[in-house]
Amino acid sequence: MDKADWNKFLSGRTDRCKVLVVGDVMLDKYYYGEVNKFSSDAPVPVAHIINRKSTLGGAANIANNLALLGCHTSIAGFVGADHNCETLSRKLTESGIDQSGLLTIDTPTTTKVRIMSGHHQMFRMDFEDISARTDDHLEELKNYIHGRLNDSLDALVIGDYEKGVCTERFCQSVIKDANAHGVPTIVMPYGQRWIKYAHADYITPNVAKINKILLAPIKSTDADAVERACHYIMRKFRIKNVLATRSGDGITFVNEKTVEHIKTKSREVFDSAGAADTVAAVFAMAMAGGLNPLDGAFITNLAAGIVVSKAGSYAVTRQDMINAVEESAA
């Protein structure tokens, strides 16, 4: 695609894309402070908080990326009846994300609280219950997803952060249902039990996540090793396409017919927080919009380059992508 085609896609076609994000919904809280003394009652630094913010995290961050790219975005998962859920709901509303698929259960809304000094994280507190959700709760969530699949979805994203939603039984049921409806499934994986993603259309791991399932770790700089790992993932877990992100070394896309190593523009890697969420979101947008997977990998690589050059978790916008296309064509 040339620059004009890319701009046409980003400026118009994404508005017609309907994407559902399913998985572990989270809220991220940041407290920014100055650290210039130690406590008098314990040998710990004291942070004088001067600013704070809340952002969408986990599957909610994937949804936020999609919404900012112009897609009609829905989210499905679990929340608790607490103050953090109120903040999460407000942020979703501000982003225009349909949250009718959020089911309230008797566990806390998964929330990560980070204490920051400058750009450095000093401490993190997690409020969560990561035990598997009950069969009744998961069945209710599956019923909601089935209803949305009947509503002409263009893509479905599974955002797994191992917080209790994405069990093997649940993921296999959702993937099978999406396949039966002809809706492409994009998985952002986590942990080591990737058999639960079997028969998905696309999976978007980075090399660090790939190394979790390999006996011998590979390096992102070794394109041949990354390619072999992608073929291993396809064979072992019966996944059709692998989009492996390699940080500053770009992206490798592999399926049965194609291997493509896409270089990234040289950038200072400032912070990789949220990059995996952005990769899943942008590639899902591309597949929902009818792009071929290689074009999807190309534009996803541009998006990843934007995110790692920003401080903290950053959700790319449609204008970010238009600017990136302009820059890449220069």
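Seven bridges join strand 6 (residues 111–117) to strand 7 (residues 120–127), and the two strands run antiparallel; strands pair if DSSP finds at least two bridges between them. The model is predicted, with local features needing pLDDT of at least 70 and side-chain atom pairs counting only at pLDDT 80 or more, whereas totals for chains, interfaces and linings use all residues. Residues are numbered from 1 along each chain as its sequence is written, and side-chain values use heavy atoms, leaving out hydrogens and water.

**The hairpin**
- Arg114 has Arg124, in strand 7, as its bridge partner.
- Two residues lie between strand 6 and strand 7 in this hairpin, where Gly118 takes a positive phi near 65 degrees.

**Helix 7**
- Helix 7 (residues 223–237) has 15 residues and reaches 21 Å from its first C-alpha to its last, close to the 21 Å expected at 1.5 Å a residue, a span taken as 1.5 Å times one less than the number of residues.
- Ala225, Val226, Ala229, Cys230, Ile233, Met234 and Phe237 are buried in helix 7, where buried means under 20% relative accessible area (1.4 Å probe, protein chains only).
- These buried residues pack against strand 10 (202–203), helix 6 (207–211), strand 11 (241–245) and strand 12 (251–254), with contact meaning heavy atoms within 4.5 Å.
- Arg238, which follows helix 7, has a positive phi near 55 degrees.

**The whole protein**
- The protein holds 10 helices and 13 strands, which are DSSP runs (helices H or I, at least four residues; strands E, at least two) numbered from the N terminus.
- Of its 330 residues, 52% count as buried.
- Among contacts between residues at least 6 apart in sequence, 68% join residues at least 24 apart.

Technical notes
Buried < 20%, exposed > 50% of the residue type's maximum accessible area, 1.4 Å probe, protein only.
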